[in-house]
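Trainee: I would like to learn how to read salt bridges. Please take me through them on an example.

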Amino acid sequence: MLSAYNDKDIDTFISYFAEDISFYMFPDKLMFSGKEQLIARYGAMFKNLQCVKSTPIKRIVHGKYVIDQELSESCSQDPEVVDKRGEVVASYEINNAKVTKVLFFRGK
């Protein structure tokens, strides 16, 4: 999934998600749901940003849950100049080999 994200390959990226995927901000604020909204949000981001890169820092797998700590970077103007960088923590709920729920945790 991270490889497709980093390559801005929307078709491969969305193949990891269930049709009824839901994205939340901790603890329970719905950001968006459904594959159409996933395509709209991430497709626009992939198109508008010169680069996106997520690098794993730590991963915990517990049953059907995966919790990742990642370093996220993006370039808005020049693909060689990272102008946004931050740590992201997200949990992914996996059912039938597809991500059905994503929960993002805000940093300080």
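Trainee: Which residue forms a salt bridge with E73?

Mentor: First the general idea: a salt bridge is a side-chain nitrogen of Lys or Arg within 4 Å of a carboxyl oxygen of Asp or Glu. Here the partner of E73 is R85, with the closest N and O atoms 2.7 Å apart. E73 lies in strand β4 and R85 in strand β5, so the pair ties together parts that are 12 residues apart in sequence. Strands are DSSP runs of E with at least two residues, helices runs of H or I with at least four, both numbered from the N terminus.

Trainee: What should I know about the model?

Mentor: The model is predicted: local features need pLDDT of at least 70 and side-chain atom pairs pLDDT 80 or more, while totals for chains, interfaces and linings use all residues. Residues are numbered from 1 along each chain as its sequence is written, and side-chain values use heavy atoms, without hydrogens and water.

Trainee: Is E73 buried or exposed?

Mentor: Buried means under 20% relative accessible area, exposed over 50%, partly exposed in between (1.4 Å probe, protein chains only). E73 is buried at 14%. R85 is exposed at 54%.

Trainee: How many salt bridges does the structure hold?

Mentor: It holds 4. Among them is E19 with K35, at 3.7 Å between the closest N and O atoms. E19 sits in strand β1 and K35 in helix α3, so this pair ties together parts 16 residues apart in sequence. E19 is exposed at 60%, and K35 is buried at 13%.
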